[in-house]
Amino acid sequence: MANYVKQNPLKPLSRGVSIIGVGTTPNMHLLEDPDLKHITEGELFGYAAIEAMKDAGLTAKDVDFYIHGQAGPHWQSRIATPNMHVADWFGMRGKASVHHSQACCTGYVALEQAVSYVASGAYDVVLTGAIDTSYSIATPKKPSFMRQQAGMEVFLNDAVDFIYNKDYTMFQYSAAVMCVDSWIEEYARENGLTAQQVDDLLCYLSYHSRRCSVADPYALIKKSYDEMAREVGMEDGIEFLRSKFNPHVTKYCRLSNREQTCDGAAAAIVCASDIAHRFTDRPVEVLAIGHSCLDGGIPRLEKHATIAAYTQVRELTGLTGADMDLLMVNDFDQTSQLLTAEATGYVPAGEGWKYAIEGRLAYDGDRPVNTNGGRCNYGAAAGQSGLADLYHVVKQMRGEQGANQVKHPVKHAMIRGFGGGQNVTCAVLKNNA
Amino acid sequence: MKKEELKCIVKPYYDGLAEGKVLGRKCAECGHVEFPPHIACNNCGHLETEWVDLTNVKAVATQIIPGCAAFIWPSAAEMLGDFVYIAVQIEGCDEWSSALVGVTNDQVDELAKRLPLPVKPYFAQDDGFTNLFWQLAE
């Protein structure tokens, strides 16, 4: 197999960096909510930022710099400088800021950006936030409270057109399906799995991930597959998931294995570890963030880049996936949960599919993955996803998650970001409470 | 860099397709071939590559995936008829995602048993330019 990634080793941060506060909105379909269908990007971002600041025990005066992330400010909000459009909404007028966009990896890169700013020594306290209104987009030349639903036409003609390179027969003719199915196809072939076994593992992944989102207060989807089964006269959720009500959309993935687009915002406060205890007695230290980018045209790019980013953090920290107590994976294709868990050593190689079927990757399993339900159930507010996952990890580490709290202490966690045609990150966090 | 040192890469690639040629860029240092073509070498990092004609160089499909209606670009079906997705690898180059024309989903499982599959270029007229896909060589 060709080696597509020539990665240099990751260096230690110049100074320790910790997460001291987190905030998020629920994942929603804004246009379908009579109370919130007119809420704007500035307001959403502002509420997430304010919650993060309150959670950290500080005010906007204490924050030196803020970072704004959004997957598609052009096609969603029709703005080119989104950090300025939210600037006045959470008390930071005049402070320095920057916008970045890596599509679905935006919220994961958001953490890396903030950590880099603090580790450089230039700033002590940085707010990093991300918002996406992928479902409820702006109307041209109208105030931002006048939203409209983003249909498939917008996705294909605007979102995809902006994200993917149009040169060299890229997205339109191959990359989309290759991104979805190429890694799981190789996994099935290498492990001798039949099509039925692959279908089983993906149906069980859907079933248990939905149990996670049903238990999560901020998740988009709250109806269990058992409940959906009963509505159509079936015995249980697995039967429903294997039925015509859950058709295949690719060779391997069914509808339940695909992301659910929605709207939401999330934010975090990152500061120098040596001053973190001024604000909180439960900081979460960022040990390392690996990062690899591969063009959307490269087959199995998610696998290659995940291994590259994971190798960076493993070599720097000496920690492996087996040392992690929780794994979060950006899974707009649900196969990513299983495949990343194996690629990072979180579960034994060749055994992950059994873990999935046995429910061991659920919040009440011994190797929990995506305990908020992941993108297919918690929801995919595109660029916000990474910071929503970070919010969830911090709550799990504090033991504050509630009904979907994992059953063991979370000392170390790994967050694997993916998206942007295509960035892949791998962050290792340590609970220093 | 001076203006006279700036050379287009993408346009000559598409000009080549219009003439029935598949072009790549060969690294002057390690011999790796960039397909599709880029300015520098992604194998060794060397900053200079040169045009090379790949039209008749051996190419294989290393992975094959069925098509699916949800992801098929309308113009693709119209232009290509039956096709499935492949990872294609030209000798000396890295793999690249593309489409294998003239194959149906029903044939994929059988063809997968015969990987790597020899393939050859298939040129198709796209909307205002010639595009490159692949067809079975045998």
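A disulfide is a covalent bond between the sulfur atoms of two cysteines. For Cys262(A), the closest cysteine sulfur belongs to Cys104(A) and lies 11 Å away, too far for a bond. Cys262(A) is buried, at 0% relative accessibility, and Cys271(A) is likewise buried, with a relative accessible area of 0%. Here buried stands for under 20% relative accessible area, exposed for over 50% and partly exposed for values in between, with a 1.4 Å probe and protein chains only.

Residues are numbered from 1 along each chain as its sequence is written, and chains are lettered from A and ligands numbered from 1 in the order in which they are written. Because the model is predicted, local features need pLDDT of at least 70 and side-chain atom pairs count only at pLDDT 80 or more, while totals for chains, interfaces and linings use all residues; side-chain values use heavy atoms, with hydrogens and water left out.

The sheet of chain A comes next. Nine strands form an open sheet of mixed pairing, in the order S3-S2-S4-S7-S1-S8-S11-S10-S9. Strands (E, at least two residues) and helices (H or I, at least four) are DSSP runs numbered from the N terminus, and two strands pair if DSSP finds at least two bridges between them. At the edges stand strand S3 (96-100) and S9 of chain A, each of which pairs on one side only. Neighbouring strands are turned by 25 degrees against each other on average, direction ignored.

With strand S11 (residues 423-431) of chain A, S10(A) pairs in the antiparallel sense over 8 bridges, and the bridge partner of Ala413(A) in S11(A) is Leu429(A). The hairpin of S10(A) and S11(A) has 3 residues between the strands, and Gly420(A) takes a positive phi near 95 degrees there.

H11(A) lies across strand S8 (284-293), S10 and S11 of chain A, running at about 140 degrees to S8(A). Such angles run from 0 to 180 degrees between N-to-C directions, with axes taken as lines fitted to C-alpha atoms, for helices over the stretch in contact. Contact itself means heavy atoms within 4.5 Å.

Turning to charged pairs, the count comes to 25 salt bridges over all chains, each being a side-chain nitrogen of Lys or Arg within 4 Å of a carboxyl oxygen of Asp or Glu. Lys303(A) forms one of them with Glu186(A), with the closest N and O atoms 2.6 Å apart. Because Lys303(A) lies in helix H11 (residues 301-317) and Glu186(A) in helix H6 of chain A, the pair ties together parts that are 117 residues apart in sequence. Both Lys303(A) and Glu186(A) are buried. Lys354(A) and Glu351(A) form another bridge, their closest N and O atoms being 3.3 Å apart; here Lys354(A) is partly exposed at 32%, and Glu351(A) is partly exposed at 30%. A further bridge links Glu400(A) and Arg398(A) at 3.7 Å, N to O. Glu400(A) is partly exposed at 35%, whereas Arg398(A) is buried at 17%. Salt bridges with shared partners join Asp55(A), Arg282(A), Lys395(A), Arg398(A) and Glu400(A) into one network.

Finally, the nonpolar cores are sets of buried Ala, Val, Leu, Ile, Met, Phe, Trp, Tyr and Cys residues joined through side-chain atoms within 4.5 Å. The largest has 94 residues, and Phe35(B), Ile64(B), Leu80(B), Ile90(B), Leu100(B) and Trp134(B) touch the most other members. Helix H6 (residues 175-190) of chain A supplies the largest share of this core, 10 residues. A second, separate core of 65 residues includes Leu44(A), Met53(A), Leu58(A) and Tyr66(A).

Technical notes: A disulfide is a pair of cysteine sulfur atoms within 2.5 Å.
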